[in-house]
Amino acid sequence: MPKHELILLKNMMQPGYTGSLQDYERAGGYQALRKVVGKAQPAEVTAMVMKSGLRGRGGAGFPTGVKWGFLPKGYVGPRYLCCNADESEPGTFKDRQLIERDPHQILEGILLACYAIGAETAYIYIRGEFVLGAKILEQAIAEARTAGYIGANILGAGITANVWVHRGAGAYICGEETALLESLEGKRGLPRVKPPFPATHGLYNKPTVVNNVETLANLPHIVGRGPEWFASIGSPPKSTGTRVFCVSGHVKRPGNYEVPMGVTFRELIYEQAGGLRSDKLLKAFIPGGASAPFLTPNHLDVKLDFESVAAAGSMLGSGGVTVMEEGTDMVWAALRLMEFFYHESCGKCSPCREGSSWLVQTMRRIVAKRGRMEDLETLVDLCKNIEGRTVCAFGDASVAPIMSTLKYWRPEYVALIQEAEAANLIKLEPAGARH
Ligand SMILES: Cc1cc2nc3c(=O)[nH]c(=O)nc-3n(C[C@H](O)[C@H](O)[C@H](O)COP(=O)(O)O)c2cc1C
């Protein structure tokens with residue numbers, strides 16, 4: 001029996017639940033769509049979402065209803081909804097579970113969003129590696145189409161809503177909303193300079209909303225149970241609802257845990273995920289995917305809500321919580337993540353393209369015990385020349401592992417360099433001088 005009421009993971013936890021249309025309807029699915037399509041004004045649905053306080057679950061935490069409100073009023077012509085199912089952030093695997101185990105929950109959310117913003121076409125941009133998820137979504141779309149939830153004249157209300165699955169080719173940058181749009185248009189996935197924002201100039205230069213899978217999966221519940229109910233869960237008024245946190249690393253029970261926002265990291269790591277795997281002490285954790293600065297055991301009582309994690313110097317990001325036990329080599333951990341960012345840098349902005357390469361080279365030198373004390377200054381200098389100087393947030397994200405490990409575990413960097421210096425001194429000494 002889970003300690004907290006499950007919302008998004010509830011259906012899939014029921015014995016025998018397959019995620020089929022029949023199972024979803026039996027669990028009350030598509031009732032929220034039936035409640036509003038042709039019965040409530042689209043603006044009323046947007047108002048509900050605003051009132052619920054729902055904020056994006058893709059990383060930035062932007063208020064969903066407010067984002068929808070940026071679409072131009074009275075615009076005549078196509079507008080689009082894109083469901084961001086790229087989920088490439090290291091340590092993040094919640095969208096995959098939502099897709100594979102309860103696809104209709106997402107489809108109902110997509111259809112509600114389409115209704116609210118007046119979009120007749122929605123695309124689900126799914127990362128290429130999610131082969132199973134893409135198949136499951138295609139099957140669910142076919143079921144929903146046959147049942148009259150998707151297509152022309154949905155639920156006989158004269159409204160058209162089509163949903164298509166688009167598979168990416170496996171680039172992390174394509175999760176960034178404007179790179180996603182470029183990729184969807186058939187171009188190379190490079191982020192666009194903003195403004196203009198997708199709300200006015202999005203897919204094919206038309207008004208577009210990009211929302212994360214988990215964000216959209218919340219909509220049937222907000223519409224079905226009411227925005228007041230949703231707004232009362234979590235840490236109101238700024239962090240409402242639950243979040244599905246992906247706990248990985250050195251814990252006894254890695255996995256996805258849905259908890260109301262505002263529980264502490266201590267509860268998530270020690271109660272939900274069973275604590276450290278070998279009962280060693282906790283050394284570090286990343287609170288919100290690889291882009292979020294590392295935190296320490298001193299932050300265990302920080303609440304898992306947007307404001308509290310920001311006040312602690314990090315971010316809730318994508319909800320990926322990676323736990324590291326005592327004994328973890330923090331310089332190596334930072335290098336490992338830096339290698340990921342270096343590999344995934346799209347190359348559009350020179351500070352990120354060139355800087356990530358220099359960061360990796362410098363970090364590799366330190367880990368290989370060939371570093372110099374001045375490398376630490378070089379690292380900080382390189383990071384500062386990337387931060388805030390790129391078109392998208394990738395640049396800021398890429399420096400988080402190095403900056404935060406330097407902040408909390410600088411002595412580990414220094415020890416490696418001192419070992420390197422000692423070895424060099426020994427090498428430089430003339431033969432026999434050591435005796
Ligand atoms: C480098 C980079 C990668 C991103 N990857 C994802 C992703 O895989 N999934 C996602 O939903 N958002 C991702 N985002 C955030 C999106 O740009 C965007 O903010 C989000 O899809 C908006 O949805 P939301 O408002 O529902 O959170 C990424 C952002 C950056 C800068």
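This is a predicted model: local features need pLDDT of at least 70, side-chain atom pairs count only at pLDDT 80 or more; totals for chains, interfaces and linings use all residues.
Close-up 1. With a relative accessibility of 37%, F62 counts as partly exposed, and together with M50, V66 and F70 it forms a nonpolar patch on the surface, the four residues having about 360 Å² of accessible area together.

**Close-up 2. T240 in strand β6.** T240 is placed in strand β6, which covers residues 239-240, and T240 is buried, its relative accessible area being 2%. The side chain of T240 reaches the backbone oxygen of S52 at 2.8 Å. Leaving aside residues up to four places away in sequence, T240 touches S52, G53, L54, R57, F230, A231, I233 and M261.

**Close-up 3. The salt bridges K94–D95 and R127–E129.** The side chains of K94 and D95 meet in a salt bridge with an N to O distance of 2.8 Å, and both of these residues are buried. In the salt bridge between the side chains of R127 and E129, the N to O distance is 3.1 Å; here R127 is buried, at 18% relative accessible area, whereas E129 counts as partly exposed, at 45% relative accessibility.

**Close-up 4. The salt bridge K369–E419.** The closest N and O atoms of K369 and E419 are 3.1 Å apart in a salt bridge, a pair that links distant parts of the chain, with K369 in the loop between α16 (350-367) and α17 (374-386) and E419, 50 residues apart from it, in helix α18 (residues 394-428). K369 counts as partly exposed at 38% relative accessibility, and E419 counts as partly exposed at 42%.

How values were computed: Residues are numbered from 1 along each chain as its sequence is written. Side-chain values use heavy atoms; hydrogens and water are left out. Helices (H or I, at least four residues) and strands (E, at least two) are DSSP runs, numbered from the N terminus. Buried means under 20% relative accessible area, exposed over 50%, partly exposed in between (1.4 Å probe, protein chains only). A polar contact is a pair of N or O atoms within 3.5 Å; within protein, one must be able to donate a hydrogen and the other to accept it, and residues adjacent in sequence count only if both atoms are side-chain atoms. Contact means heavy atoms within 4.5 Å. Patches are made of residues with over 30% relative accessible area and no salt bridge: like charges are joined within 9 Å, nonpolar side chains (Val, Leu, Ile, Met, Phe, Trp, Tyr) within 5 Å. Accessible areas come from the Shrake-Rupley method with a 1.4 Å probe; for residues, only the protein chains shown count as cover.
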